[in-house]
Amino acid sequence: MGPTDQGEAQQASEALHRRARAFIEASLLPGAPGPPGGGGAAPAASRESAADARGAPDAPRDTPETFDALALALARHQAARCAPVARLFRARGVDVDALQRAEQIPAVPCDVFRFARVAVHPPEADERVFRTSGTSLGAASRGEHAFRTTATYELAALAWGERLLWPDGDRLRALILAPPLDEVPDSSLGFMIDRFAARLSGPASWHVRGGELDAAGFARACGEARAAGEPAIVLGTSFAFVHLLEALPPGGAALLPEGSRVMQTGGYKGRSREVPAEELRASIARALGVPPSHIVGEYGMTELSSQLYEGTLAAALARAGGAGAAAREAPRRYLAPPWARVTAVDPETLAPLPAGAVGLARIVDLANVDSAVAIQTADRVRVTDEGVELLGRASGAPPRGCSIALDQMLGGGP
């Protein structure tokens, strides 16, 4: 690509980032749909909100363009300038200019990010590169997601985090069970948490440094929050919480003030054992003194620019003080922002499945401007009007449909 072509590509990228940010901002204007209320048979307004939160077919009100129009513009940009995406389109016999809906865009399997550079720009234009952990396949097989700019990523992360983690205001202390960003500069989770800590108005403290968990420092930070009467948000991976709970001294040293909440992310299966999700959530609730509704699961991945969250906290806060405030907890479903759509697809054919059927998660993420707008995961999900139910990774080898798509992207033929 010559200098002129690179300049044109950068201009196209900048224009699409502006469009994506305009879509994100407009979708969360006052009066736009929010997370659903309580569980069970929701009224019509709540069902509409749930549909919007997991990625509704229509554009959010007052957005400058439709979801599909922007998704297709991103797909054309990526097919023209990203070789692995172009190969996938050719192998599928897809004419990108003839596509009419986002669901028709071929989805890039997550594994491709381990074997090929999925980016429309050259490496010298990278502002930041996020890498997968490499825990299951080793460091040599870490996937990479390159960003020419993180501005759209940051906007998306903060906008949806504010909606589902601190919808009642940002006056929260941040207690972080993860390494600081300067220790893990290529971690998308570390980057997101760093931006959360900067946005929240209270002090922030990190309690994993140099690979060591500082449980005593965490307990001191909890004591400081209690003494100040200031609620906190604790952010960390599921197994960081497992190790914390084992290391905390007895006697309620980690109890937090009323209004505190927890964000936990990652799987429940460690290197040597697996902890049931409900058991861990109950243990966190007891140790930190937070209600189960205020323990929010996060779903994200290096290959995406947007995150999903359980809607329990937002629903509990919406009910607080009104009739039914003590009603049953909202169902534990994950809600996608209006700029992302989650669809369950058949593992063999990758064709969309009806609502309520179990399949693999296909995610169209409008914040993925310079890589791949449509991502195919190996995570099993059930998608309904209440949101996305996570059912764990597909066992064994990659499902056949994902394997074929991977082969096509890497030049293995039709």
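This is a predicted model: local features need pLDDT of at least 70, side-chain atom pairs count only at pLDDT 80 or more; totals for chains, interfaces and linings use all residues.

Trainee: What is the relative accessible area of Arg-226?

Mentor: The value is 37%, so Arg-226 is described as partly exposed.

Trainee: Let us turn to pairs of helices. At what angle do α9 and α10 pack?

Mentor: One compares the directions of the two axes and then the distance between them. Helix α9, residues 238-247, and helix α10, residues 277-288, pack at about 50 degrees, and their axes are 11 Å apart. That angle makes α9 oblique to α10. The crossing of the two helices is left-handed.

Trainee: Which residues meet there?

Mentor: From α9 come Ser-238, Phe-241, Val-242 and Leu-245, and they meet Leu-280, Ser-283, Ile-284 and Ala-287 of α10. By class, this contact has six nonpolar, two polar and no charged residues.

Trainee: Why do residues three or four places apart in an α-helix point the same way?

Mentor: An α-helix has 3.6 residues a turn, so residues at that spacing point the same way.

Trainee: How far does α10 reach, and what covers its buried residues?

Mentor: The 12 residues of α10 reach 16 Å from the first C-alpha to the last, close to the 16 Å expected at 1.5 Å a residue. Its buried residues are Leu-280, Arg-281, Ser-283, Ile-284, Ala-285 and Leu-288. Their cover includes α8, β8, α9, β9, β10 and β11. After α10 comes Gly-289, whose phi is positive, near 70 degrees.

Trainee: Which residue other than glycine has a positive phi near 60 degrees?

Mentor: Leu-350 has such a value. Leu-350 is found in the loop between β13, residues 340-345, and β14, residues 358-365. With a relative accessible area of 17%, Leu-350 is buried.

Trainee: How is the packing of α3 and α4 to be read?

Mentor: Again one starts with the angle and the distance. Helix α3, residues 67-81, and helix α4, residues 83-91, pack at about 105 degrees, with axes 6 Å apart. The two helices are therefore roughly perpendicular to each other. In this contact α3 supplies Ala-75, Gln-78, Ala-79 and Arg-81, while α4 supplies Ala-83, Val-85, Ala-86 and Phe-89. The classes are six nonpolar, one polar and one charged.

Trainee: How many of the residues of α6 are buried?

Mentor: Of its 14 residues, 10 are buried, so α6 is largely enclosed by the rest of the structure. Among them are Tyr-153, Trp-160 and Arg-163. Helix α6, residues 151-164, reaches 20 Å from its first C-alpha to its last, close to the 20 Å expected.

Trainee: How does α6 pack with α7?

Mentor: The angle between α6 and helix α7, residues 188-199, is about 65 degrees, and the axes are 10 Å apart. The crossing is right-handed. Tyr-153, Glu-154, Ala-157, Leu-158, Gly-161 and Glu-162 of α6 meet Ser-188, Phe-191, Met-192, Arg-195, Phe-196 and Arg-199 of α7. This contact has six nonpolar, two polar and four charged residues.

Trainee: Finally, which elements cover the buried residues of α11?

Mentor: The cover includes α6, β9, β10 and β11. Helix α11, residues 312-319, is mostly covered, with six of its eight residues buried. These are Thr-312, Leu-313, Ala-314, Ala-315, Ala-316 and Arg-319.

Technical notes: Residues are numbered from 1 along each chain as its sequence is written. Side-chain values use heavy atoms; hydrogens and water are left out. Axes are lines fitted to C-alpha atoms, for helices over the stretch in contact, and angles run from 0 to 180 degrees between N-to-C directions. Helices (H or I, at least four residues) and strands (E, at least two) are DSSP runs, numbered from the N terminus. Angles under 35 degrees count as roughly parallel, over 145 as roughly antiparallel, 65 to 115 as roughly perpendicular and the rest as oblique. A crossing is left-handed if the near helix is turned anticlockwise from the far one by less than a right angle, and right-handed if clockwise. Contact means heavy atoms within 4.5 Å. Ala, Val, Leu, Ile, Met, Phe, Trp, Tyr, Cys and Pro count as nonpolar, Asp, Glu, Lys and Arg as charged, and the others, Gly among them, as polar. The expected span of a helix is 1.5 Å times one less than its number of residues. Buried means under 20% relative accessible area, exposed over 50%, partly exposed in between (1.4 Å probe, protein chains only).
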